[in-house]
Amino acid sequence: HAKVSSIMLPSPVTVLQSQPVLRACELFAEYRFLALPVVDNDNKILGIVDINLFTDDVVSLSHQRQLDNVFQMIGVHVSIGKKVSAWSDFKSRFPWLFCNISSGIVCAFIASRYELLISELAILAMFITVVLAISESVSIQSMALTLQVLLQRNVSWRRVLTGVRKELFTSVLLGAGSGFVVGVIAYSWRGVFWQGLAIGLSIWFAVITACLLGVIVPTLIRKFRIDPKVAAGPIVLAAADIATLMFYFSTANLILG
């Protein structure tokens, strides 16, 4: 028998129909309500919005930020294509693509220095793409983990050394596992122990280097007050490719030459 006036909230939290969705989300976050009344300028109720509006909007925003971070890691800003001309888009993206072109030319030069070795041991040419793929994957993994830390904390040389030390132990295990698997496959394929050993060891060295580059490069970039999300990806990949081929051919030449 109680009257509604005795249990109602005298100053209800409302959202105007003319206000943006962001305002409704702010109210949901502040008051923890499951629904909000939507009113007009005369404070007359027009309808309601429920908590799903807040959760859907937050999830969408989080997903957008994740996409943005991923694209920036490879040198592409996800929002550029929506706002500028094709020429401006080209100017913003080509420098990072040129970074990969340059590394490819350097890798071609490195391979040419070992042309005789490759011509005598064709198996080395067969496994070049495998070695590069492994080192690039490992370097991107290390870089992604490093960026997550850099975006949340201040950079110090102690933090750099801590990250390098931690990644060093991980890279030794990753390199040993990858080198063993590929080395065994190479040995089983050709039946020559020293060829399998050379390929396995070169992958081990390459993975260790790629992991360390994934930590050091974005950290140094951040240290010089450059956005690591934009610059780190292409630079890490380019450096990893060059270092990988140098280890690959020098190790093979040392063991098999």
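Predicted model: local features only at pLDDT ≥ 70, side-chain atom pairs only at ≥ 80, totals over all residues.
Let us begin with S103: apart from its neighbours within four places in sequence, S103 is in contact with A238, D241 and I242, where contact means heavy atoms within 4.5 Å. S103 sits in helix α4. Helices (H or I, at least four residues) and strands (E, at least two) are DSSP runs, numbered from the N terminus. With a relative accessibility of 3%, S103 counts as buried. Buried means under 20% relative accessible area, exposed means over 50%, and partly exposed lies in between (1.4 Å probe, protein chains only).

Residues are numbered from 1 along each chain as its sequence is written, and side-chain values use heavy atoms, with hydrogens and water left out.

How confident is the predictor? The chain has an average pLDDT of 77, and 77% of the residues score at least 70; pLDDT is the predictor's confidence in each residue, from 0 to 100. Over residues 73-81, pLDDT stays under 50, and for this stretch the model has 24 contacts beyond four places in sequence.

Now the overall picture. The chain has 10 helices and 3 strands, and from the N terminus on its elements run β-α-β-β-α-α-α-α-α-α-α-α-α. Of the 257 residues in the chain, 35% are buried. The accessible surface comes to about 15,800 Å², and 65% of that belongs to carbon and sulfur atoms. Accessible areas come from the Shrake-Rupley method with a 1.4 Å probe; for residues, only the protein chains shown count as cover. Among contacts between residues at least 6 apart in sequence, 67% join residues at least 24 apart.

Which residues make the nonpolar surface patch of about 720 Å²? They are W87, F90, F94, L97, F98, I101 and I105. Patches are made of residues with over 30% relative accessible area and no salt bridge, with like charges joined within 9 Å and nonpolar side chains (Val, Leu, Ile, Met, Phe, Trp, Tyr) within 5 Å. A salt bridge is a side-chain nitrogen of Lys or Arg within 4 Å of a carboxyl oxygen of Asp or Glu. F94 is placed in helix α4, residues 86-113, and F94 counts as partly exposed because its relative accessibility is 33%.

Next, helix α8, which covers residues 157-190 and contains G175. Is G175 buried or exposed? G175 counts as buried, at 0% relative accessibility. Beyond its neighbours within four places in sequence, G175 is in contact with W204 and V207. The C-alpha atoms of G175 and L201 are separated by 8.5 Å, although these residues are 26 apart along the chain.

Two exposed residues follow. N43 lies in the loop between β2 (35-39) and β3 (45-50). N43 has a positive phi of about 65° although it is not a glycine, and N43 counts as exposed at 53% relative accessibility. E115 belongs to helix α5, residues 115-120, and is exposed, with a relative accessible area of 56%.

Finally, the cysteines. How many disulfides does the structure hold? The structure holds 0 disulfides, a disulfide being a pair of cysteine sulfur atoms within 2.5 Å. C107 is buried, at a relative accessible area of 9%, and C211 counts as buried at 0% relative accessibility.
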